[in-house]
Amino acid sequence: MSDSKKRESNIELLRIVLMLGVVVLHYNNSSIGGAFEFTANMPVTRLVLYFFESLCDCAVDLFILISGYFMCKNNKRNLAKPVELLIQTILFAEGVYICKGLISGEGISVGSIVARLIPASYFVILYIAVYFVSPYINHLLNSLNQKQLSKMLVVLFVILSIYPTAVDMLIEIRKNDFMGLSTVGAYGSQWGYTLVNFILMYIIGAYLRLSNKLIPLKKAVLLLLAITIALVLWAMLDDKLGIVYERVAWEYCNPLIIMAAILLFMIFKQIHIPSNRIINSLATSSFSVYLLNTHLLKYFHIEFHVTSSIIVMILHMIATAIAIYLICAVVNFVYSMTVLRLVRGLESKISFMSNDIYGDLVE
């Protein structure tokens, strides 16, 4: 979802991998794919699931980091892009509801159709908020020298990641809400599902672009593996504390999750891939995968496969993620050739939709 016209195929490949990771997260989720629920009494299988969960959990953070990396050098924003995201969110929700109603025979109600006109997607709403505020963030970041920028990032990381995660851990251990103790909100960090965390990840992405800092590839891989193992052990500790849902180990503001996102970005940044049309084209389907994957997972017989051997489970998890991505890529192609083309045709006739709304900002 970056605004950059230059498509770097290594980063486009990363987008694909991240969205496959999102499918894995939903595959595991007890209330969606159900893998965690189905393996509640299978400790070894569950440990493998914990590894994949810990490895993939940085996906959402990394999507925003990538946006910050590419958008920090461009202050031009228009209404067309957020409008397109909202339209696609609404139309896909309506399409899924209508298809389910027709296939199941349950029917379709006007009230339900009207309700789905509200684009209630936390990621979409928060991303659009970052999109609109990002030029002012860019203006601030570009006014700082490298030393000032580094200090600011350290302060933000401590206040918005380390401290609120520590508070969340205290809440888990003491079984007390400690309302008002967190720096994110009165009710805690909300597991990182906040504009605060999205802005932090945007600033981190911008910092990586402005500082041009990279950890050597081999070291980055080893560090990512170490963090993943640490998160698995942390999740197991959450088990001992009786935390089943929304673990601190896997919340998006967790400093280890954020560090994993940074390391994974650095790894792919150092993978040199010539511009590849197939990769670039497939990457454009990532938002469609996000919107549709949870509706498709139930058709992949997850319970049968995760309760088989570990090898079968791993192969099924990977195959399911790839299959869902390819299905959504076909849907995205049809959508792009029909509805999106129509929407962009209408936008071209409405001048204020494509005009820069921040023309007074200095690049």
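Student: Which residues touch the most other members of the largest nonpolar core?

Tutor: Keep in mind that this is a predicted model. The largest nonpolar core has 97 residues, and helix α11 (residues 255-269) gives the largest share of this core, 12 residues. The ones that touch the most other members are L62, I204, L208 and F265.

Student: Is V22 buried or exposed?

Tutor: V22 sits in helix α1 (residues 9-28). Beyond four places in sequence, V22 is in contact with A59, F63 and N293. Its relative accessible area is 6%, and the cut-off for buried is under 20%, so V22 counts as buried.

Student: How many Å apart in space are V22 and M313, C-alpha to C-alpha?

Tutor: In sequence, V22 and M313 are 291 residues apart. In space, going C-alpha to C-alpha, the separation of V22 and M313 is 17 Å.

Student: Which element gives the largest share of the nonpolar surface patch?

Tutor: That patch covers about 580 Å² and is made by L47, F51, L55, L225, I229, L233 and M236. Two elements give two or more residues to the patch, α3 (43-56) and α10 (217-241). The largest share, 4 residues, comes from α10.

Student: What is the relative accessible area of L55?

Tutor: L55 is found in helix α3 and is one of the patch residues. Patch members need over 30% relative accessible area. L55 is partly exposed, with a value of 31%.

Conventions:
Residues are numbered from 1 along each chain as its sequence is written. This is a predicted model: local features need pLDDT of at least 70, side-chain atom pairs count only at pLDDT 80 or more; totals for chains, interfaces and linings use all residues. Side-chain values use heavy atoms; hydrogens and water are left out. Patches are made of residues with over 30% relative accessible area and no salt bridge: like charges are joined within 9 Å, nonpolar side chains (Val, Leu, Ile, Met, Phe, Trp, Tyr) within 5 Å. Accessible areas come from the Shrake-Rupley method with a 1.4 Å probe; for residues, only the protein chains shown count as cover. A salt bridge is a side-chain nitrogen of Lys or Arg within 4 Å of a carboxyl oxygen of Asp or Glu. Buried means under 20% relative accessible area, exposed over 50%, partly exposed in between (1.4 Å probe, protein chains only). A nonpolar core is a set of buried Ala, Val, Leu, Ile, Met, Phe, Trp, Tyr and Cys residues joined through side-chain atoms within 4.5 Å. Contact means heavy atoms within 4.5 Å.
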